[in-house]
Amino acid sequence: VWYHKPVVNAELLQSLPNLKIVASSGVGIDHLDLKLLSSYGVKVSNTPFVVSSDTADLAMALLLASSRRLVEGYRMAVSPNTEYFPADWLGAEVSGATLGIVGMGSIGYKVAERAKAFEMKILYHNRNRRNKEEESAVGAIYCKKIDHLLQQSDFVLLSVNLTPETHKLIGKRELELMKPTATLINISRGLVVDQDALVEALRNKVIKAAALDVTYPEPLPRDHPLLKLKNVIITPHIGSATKKTRLLMMENMIESIRMCLMGLPIPHEVL
């Protein structure tokens with residue numbers, strides 16, 4: 001399954017009585033009904049670890065681009081109407097700023113490793129707390145309650161799987177807890193954020209900016225208000241989009257299929 005096509009529903013499963021496995025690219029499996037697949041005796045695999053480094057790199061790219069207003073700066077620099085560069089055109093500091101990571105899995109942790117090199121203070125909220133050695137290695141401080149993280153962070157990074165618990169995890173209440181100078185960065189799934197609430201928060205300067213690699217739907221309708229806001233950067237869900245990683249993802253999927261058909265343990269089987 002690449003880009004969630006074909007749709008794996010009951011109609012498809014009934015038409016494929018010999019189907020053994022659905023190998024899905026990437027980490028997220030929110031597009032698959034695991035109970036339905038299991039009821040047909042079909043196994044599921046994904047490619048969770050090969051995407052971590054590239055997605056963490058993109059997270060930092062979005063953070064830096066948003067904080068230093070790179071997209072706005074580029075447009076100013078190349079505009080035929082630009083006669084001079086204004087002296088009061090300023091971005092926000094990254095070094096020494098506080099980064100709050102919501103979801104400290106493999107991707108979130110790699111972001112923390114990169115943020116440490118930028119001398120950022122790192123807070124994180126996760127279902128399960130990392131061990132002390134892992135926290136110490138990146139200087140991360142655990143926030144049991146997400147509210148505490150939101151209130152303290154200059155940048156809030158969302159790196160969670162989409163589940164019923166994380167659906168619209170960030171809404172009006174959560175956005176209002178954030179600093180008016182804060183930036184929201186989403187590299188997980190569009191539905192983790194209430195987009196209507198985000199539009200209002202950005203328009204009313206409840207938060208400063210947003211940098212999104214994911215939206216709902218993808219792509220957004222061309223008249224969507226998020227596309228018209230200057231304090232938003234949107235990229236086309238390219239967290240894992242490098243040649244090397246996409247090749248590794250394909251190889252992982254093929255290996256899972258081969259192992260399943262041979263009756264052997266499936267690498268990265270989703271249970």
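1. One salt bridge is counted between domain 1 and domain 2. Here a salt bridge is a side-chain nitrogen of Lys or Arg within 4 Å of a carboxyl oxygen of Asp or Glu. The side chains of Asp30 and Arg189 form a salt bridge at 3.1 Å, N to O.

2. On provenance: this is a predicted model, in which local features need pLDDT of at least 70, side-chain atom pairs count only at pLDDT 80 or more, and totals for chains, interfaces and linings use all residues. Residues are numbered from 1 along each chain as its sequence is written, and side-chain values use heavy atoms, with hydrogens and water left out.

3. Domain 1 covers 10–49 + 243–262, and domain 2 covers 51–81 + 90–234. These bounds come from an automatic or database domain assignment. The domain centres, taken over C-alpha atoms, are 30 Å apart.

4. Between the domains, about 650 Å² is buried, and carbon and sulfur atoms give 50% of that area. Asp30, Phe49 and Thr245 supply 62% of the area that domain 1 buries against domain 2, more than any other three residues. Buried area is the accessible area (1.4 Å probe) that two parts lose on being put together, summed over both.

5. Nine residues of domain 1 contact seven residues of domain 2; contact means heavy atoms within 4.5 Å. Four residue pairs are in polar contact between the domains, both residues at pLDDT 80 or more. The touching side of domain 1 has four nonpolar residues, four polar and one charged. Ala, Val, Leu, Ile, Met, Phe, Trp, Tyr, Cys and Pro count as nonpolar, Asp, Glu, Lys and Arg as charged, and the others, Gly among them, as polar.

6. Tyr124 and Tyr142 are tilted, 5.2 Å centre to centre with 55° between the planes. Rings of Phe, Tyr and Trp (its six-membered ring) pair if their centres lie within 6.5 Å; planes under 30 degrees apart count as stacked, over 60 as edge-to-face and the rest as tilted. Tyr124 sits in strand β4 and Tyr142 in strand β5 (residues 140–142), 18 residues apart. Helices (H or I, at least four residues) and strands (E, at least two) are DSSP runs, numbered from the N terminus.

7. Check the backbone in two loops. Between β8 (209–212) and β9 (232–234) lies Pro217, and the Tyr216 to Pro217 peptide bond is cis, with omega near -5°. Pro219 belongs to the loop between β8 and β9; Glu218 and Pro219 are joined by a cis peptide bond, omega about -5°. Lys168, between β6 (155–158) and α8 (172–177), has phi near 50°, a positive value in a residue other than glycine.

Terms used: Polar contact = N/O pair within 3.5 Å; in protein donor to acceptor, adjacent residues only side chain to side chain.
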